Amino acid sequence: WGVVIAEAGYCGLPIICSEACGAAVEMVRSFHNGLLVPTENAIALARAMAWVHEHHHDLPQWGARSRELAAAFTAEWWADRWFDMCQQIVERKAVTPS
């Protein structure tokens, strides 16, 4: 899960990323807030970068949409998630005989 994708979104940036990035499923909607490119396809990446350059007037709106998608993945959300996972591990060890 690419944390950098969430960080970029939270900063209000449009995103270009590979389909291999797990965060892309939650954080990138093609032609809404960014572009997804096939994994290990340099030509597709170059085309995506050129498209973004040619449509620079859309980038502020894409950035705002990125911020909206990233809002669900704040530092507080991550802290709560990790706390809950750790608590579940501790609770399982408490009920599992050694």
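Does phenylalanine 73 count as buried or exposed, and at what relative accessibility? In this predicted model, phenylalanine 73 counts as buried, because its relative accessibility is 14% and the cut-off for buried is under 20%.

**Aromatic pairs**

| Pair | Distance of centres | Angle of planes | Arrangement |
|---|---|---|---|
| Tryptophan 51 and tryptophan 62 | 5.3 Å | 15° | stacked |
| Phenylalanine 73 and tryptophan 77 | 5.0 Å | 85° | edge-to-face |

Tryptophan 51 belongs to helix H3 (residues 42–54) and tryptophan 62 to helix H4, so their pair ties together parts that are 11 residues apart in sequence. Tryptophan 51 is partly exposed at 24% relative accessibility, whereas tryptophan 62 is buried with a relative accessible area of 3%; together with Phe31 these two residues form one aromatic cluster.

**Arginine 65**

Helix H4 also contains arginine 65, which is buried yet has no salt bridge, the nearest side chain of opposite charge being that of glutamate 68 at 6.3 Å. The side chain of arginine 65 does, however, reach the backbone oxygen of histidine 32 at 2.9 Å, and beyond its neighbours within four places in sequence arginine 65 is in contact with Phe31, His32 and Asn33.

**Helix H1**

In helix H1 (residues 3–10) the buried residues are Ile5, Ala6, Ala8 and Gly9. Viewed down the axis of H1, these residues fall within an arc of 160° and therefore line one face of the helix, and their cover includes strand E1 (15–18), helix H2 (24–27) and helix H4 (59–70). Just after H1, glycine 12 adopts a positive phi of about 80°.

Notes
Residues are numbered from 1 along each chain as its sequence is written. This is a predicted model: local features need pLDDT of at least 70, side-chain atom pairs count only at pLDDT 80 or more; totals for chains, interfaces and linings use all residues. Side-chain values use heavy atoms; hydrogens and water are left out. Buried means under 20% relative accessible area, exposed over 50%, partly exposed in between (1.4 Å probe, protein chains only). Helices (H or I, at least four residues) and strands (E, at least two) are DSSP runs, numbered from the N terminus. The arc is that of the directions from the helix axis to the C-beta atoms. Contact means heavy atoms within 4.5 Å. Lys and Arg count as positive and Asp and Glu as negative; His and the chain ends are not counted. A salt bridge is a side-chain nitrogen of Lys or Arg within 4 Å of a carboxyl oxygen of Asp or Glu. A polar contact is a pair of N or O atoms within 3.5 Å; within protein, one must be able to donate a hydrogen and the other to accept it, and residues adjacent in sequence count only if both atoms are side-chain atoms. Rings of Phe, Tyr and Trp (its six-membered ring) pair if their centres lie within 6.5 Å; planes under 30 degrees apart count as stacked, over 60 as edge-to-face and the rest as tilted.
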